[in-house]
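Here are my notes on this one, point by point. Have the model open as you read.

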Amino acid sequence: MADQTSDRKPLYRLQSTRDIEGYDALAELALDMQTSWDHSADHLWAQMDPALWELTHNPWVVLQTVSREKLQQDFANPVFCKDIADLARDRAAAAEASTWFQKTHPKSPLRCVAYFCMEFMLSEALPIYSGGLGNVAGDQLKAASELGVPVIGVGLLYQQGYFRQVIDKDGAQLALFPYNDPGQLPITPLRRPNGEWLRLEFKLPGYSVWLRTWQVQVGRVKLYLLDSNDAANHPTHRGITSELYGGGSELRLQQELLLGLGGWRLLAELGIRPEVCHLNEGHAAFAVLERARSCMEQTGLGFEAALSITRAGNLFTTHTAVAAGFDCFAPDLIEQYLADYAKTKLGITCHDLLALGRRNPNDSSEPFNMAYLAIHGSGSINGVSRLHGKVSRHLLGSLFPRWPTDEVPVGHVTNGVHVPTWDSPAASSFWTEACGENRWAGTTEILEQKILCVSDVDLWRFRSAASKSLVEFVRQRLSRQLAMSGALSDAVEAANTLLDPDALTLGFARRFATYKRPDLLLHDPERLLCLLSNPQRPVQLIMAGKAHPADEAGKALIQEWMRFIQRAGARASVIFLSDYDMQLTMQLVQGVDVWLNTPRRPWEASGTSGMKVLVNGGINLSVLDGWWAEAYTPEVGWALGDGKEHGDDPAWDAAEAEALYDLLEREVIPEFYARDKQGIPTAWVTRMRNSMAQLTPRFSANRVVREYTENHYLPAAAAYRDRSADKGALGVQVSDWRQALAQKWSALRFGEMTVETESGHHVFLVHVYLNDLDPKAVCVELYADGILGDAPVRQEMTRLHELVAAATGYAFHARVPADRPASDYTARLIPRHDSARVPLEARQILWQR
């Protein structure tokens with residue numbers, strides 16, 4: 001028989017590249033997300049596979065894909081080896097260097113902050129994010145790494161992540177869900193000391209789910225991820241972490257149970273005991289319960305005392321501006337999944353557990369609100385801009401009945417962006433020359449003055465180059481987009497000549513939702529077309545954005561824009577780029593001249609897209625909502641609207657659309673095209689310089705993380721340590737105080753109140769009956785509303801003596817200036833404890849009238 005082996009194709013052999021000398025050092029670089037923002041190793045990945053690197057920007061994919069021969073060839077290059085050695089040395093030196101946190105707080109009790117979030121945007125190489133919330137979380141982890149703040153992230157690994165967008169020939173959005181292959185993501189399995197993969201058994205009603213655990217290295221910070229796609233699980237349960245923000249209410253509940261309960265158990269399994277738990281949105285609020293359960297196990301205390309201890313170390317950040325944005329679950333669904341947990345693990349009834357997520361604990365029909373659970377279990381609450389803090393105080397005021405809105409315990413920490421992630425290479429070099437290499441690793445107060453010293457010529461040269469780079473990118477991306485959608489070859493080719501790098505470029509990119517009003521510019525299509533096509537002062541608009549797959553109104557807005565673009569005269573001036581993601585965002589914010597934002601106030605809690613243009617010299621034109629409401633001054637950008645709330649009034653939308661056209665026609669466009677003898681728009685450059693200098697440091701994640709650290713993390717860590725000391729003695733004391741208030745408050749009352757005016761003062765005397773409650777457990781105050789925006793008057797009244805005719809009655813006294821009528825004042829009774837936050841931990845209040 002003839003030998004047929006010579007006709008066969010060569011067999012593929014399983015050959016690893018891991019045994020090649022130097023591979024481990026390269027793998028460490030590929031698996032550290034820091035290289036995604038400092039770009040120190042970009043040239044290495046481009047050298048190994050330029051085409052794959054350009055398409056993916058995923059170092060781990062490049063390293064997993066490169067051939068053994070190519071890798072050996074690169075390692076034979078002394079320059080390549082030296083670059084790796086230099087990067088490894090720099091990483092080791094950075095790990096040993098003293099950070100802002102170590103220098104500023106050398107004796108801090110803070111050892112660990114556990115930062116829980118449903119999504120993290122770190123790099124396009126790890127697509128487990130949707131948008132703004134993940135953006136904030138990822139940027140804060142990066143800033144924590146640079147500042148040396150001891151933060152650990154906790155999240156979920158999704159098989160599909162958020163959807164990918166395609167625009168079809170009719171301009172309609174199509175949603176695709178590509179699989180996230182863990183082998184091609186920059187993550188590593190968490191392993192026990194014996195090498196076994198760390199998997200957690202998570203019990204749900206009637207079955208167990210095995211959770212795989214992963215680690216992401218983010219510079220000095222670690223992010224831990226959980227996923228349910230374990231071979232030991234039933235196919236249905238493997239899909240619990242299939243998709244970010246997908247499925248119905250039950251799947252969402254399962255995901256949030258895994259994140260909150262499972263995430264805290266993972267930390268315990270790793271021997272990590274954080275002083276502070278930061279809940280970035282209410283999705284992770286179940287961590288409140290598991291942290292209390294863990295405290296019960298360690299101390300032998302009951303649930304209320306354990307929650308009293310752990311609450312002090314919990315921080316809740318809300319990003320929601322409307323009540324509909326809170327995750328709520330039907331009571332029977334909570335009972336199905338958590339009744340046994342409440343009884344056997346927490347020692348409380350399901351009714352008591354449900355009460356933690358309700359405004360009215362006795363309303364059996366009220367859904368279980370995750371934000372309410374976070375509030376009931378946290379020692380501090382904040383919104384994400386000054387305006388959002390105010391909005392949240394109104395939104396959450398019903399949890400604190402009869403308290404003045406200004407005293408609802410919600411503060412704010414305005415969001416910021418991680419500047420090194422969003423600056424272009426040219427912007428990074430520009431800022432380095434002006435401000436130094438390590439400008440974002442410490443305080444930033446000196447940066448403003450240094451940028452203000454940069455000349456008009458240098459600034460405009462920098463911006464002109466950015467515009468040119470953006471136009472080149474858009475042409476390439478649009479050509480590829482049109483080809484993929486089946487467009488004719490002429491249209492594909494024509495895309496390579498669209499846009500003018502010298503024309504004014506507007507950018508609009510965000511989630512397409514009705515409240516964001518992406519159609520505001522389309523209010524008068526003819527006027528918009530005229531504005532865009534002026535041959536003397538041309539304007540071009542680059543757009544991008546996704547609508548949630550279930551949001552038909554949002555998808556219709558995209559289609560409306562696509563129809564406009566197809567009109568004669570608009571095709572050359574308006575570009576819609578599909579599949580808005582992190583990589584596309586970077587390109588847009590690095591090159592546009594003006595960033596547009598048109599939400600309905602006050603529905604944008606913060607917004608961060610406009611912050612990303614600051615470092616790159618872009619200027620904002622935005623509604624006075626979110627961060628822009630506190631950032632705007634006339635010298636740094638343009639404002640739209642009157643700074644008031646108008647709801648979804650179509651008449652107001654029309655008025656603001658007209659105002660937007662006017663602003664563009666009368667101020668923005670003329671200023672851009674008013675040039676001096678050198679061709680520089682001097683007024684524009686002055687505005688750009690002011691924006692860069694004043695706003696970039698102020699709205700950076702550097703400032704945000706320092707603010708969280710000093711105003712929240714450090715106080716929370718100290719409070720938690722105080723309450724947990726001596727087997728939780730102070731925590732028990734606070735719990736007992738709360739119980740005494742709950743039992744006796746309803747019988748407290750005011751008696752007679754008298755007032756006399758003498759020597760320019762009102763003198764108030766009031767009788768108070770305390771129902772055997774310790775008078776030290778309460779505070780009696782004289783209260784008057786503020787006048788013309790001033791703070792209200794809160795004057796503590798002094799306890800004089802017990803009332804002779806009453807067993808538990810006391811007389812209280814106060815003097816206030818008689819500069820306003822005595823009738824403006826009333827007495828009130830509120831809880832008081834030196835170690836508790838009122839009204840967050842005790843919401844009772846009694847008014848004299």
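Predicted model: local features only at pLDDT ≥ 70, side-chain atom pairs only at ≥ 80, totals over all residues.

1. A word on labels before anything else: helices (H or I, at least four residues) and strands (E, at least two) are DSSP runs, numbered from the N terminus.

2. P602 deserves a look for its backbone. The bond that joins R601 to P602 is a cis peptide, with omega at about 10°. There is another cis peptide bond between V838 and P839, where omega is about 15°. P839 also sits in a loop, the one between β27 (826-831) and β28 (846-847). As background, most peptide bonds are trans.

3. R601 turns up again when you go through the cavities. Which residues come closest to its centre? Out of 15 lining residues, they are R601, K644, H646, W652 and E656. By class, the lining of this largest cavity splits into 6 charged, 5 nonpolar and 4 polar residues.

4. On helix packing, take α21 (residues 456-484) and α29 (residues 682-698): their axes are 10 Å apart and the packing angle is about 85°. Angles of 65 to 115 degrees count as roughly perpendicular, so that is how α21 and α29 lie to each other. On the α21 side the contact uses D456, L459, W460, F462 and R463, which meet T682, W684, V685, M688, R689 and M692 of α29. The classes in this contact are 7 nonpolar, 3 charged and 1 polar.

5. Is S735 buried or exposed? Its relative accessible area is 4%, and since buried means under 20%, S735 is buried. This serine belongs to helix α30 (residues 701-744). Beyond its neighbours within four places in sequence, S735 has contacts with E304, A305 and S308.

6. Two phi values to check by eye. Most residues other than glycine have a negative phi. H57 is not a glycine, yet its phi is positive, about 50°; H57 is in the loop between α4 (50-56) and α5 (59-65). N771 also has a positive phi without being glycine, near 55°, and its loop runs between β22 (761-769) and β23 (778-784).

7. How accessible are those two?

Note on methods
Residues numbered from 1 in each chain as written. Heavy atoms only, no water. 1 Å grid on protein atoms, 1.4 Å probe; cavity = no way out; pocket = protein on both sides within 12 Å on 5 of 7 lines; lining within 4 Å. Nonpolar A, V, L, I, M, F, W, Y, C, P; charged D, E, K, R; others polar. Buried < 20%, exposed > 50% of the residue type's maximum accessible area, 1.4 Å probe, protein only. Contact = heavy atoms within 4.5 Å. Axes fitted to C-alpha atoms, helices over the stretch in contact; angles between N-to-C directions. Parallel < 35°, antiparallel > 145°, perpendicular 65-115°, else oblique.
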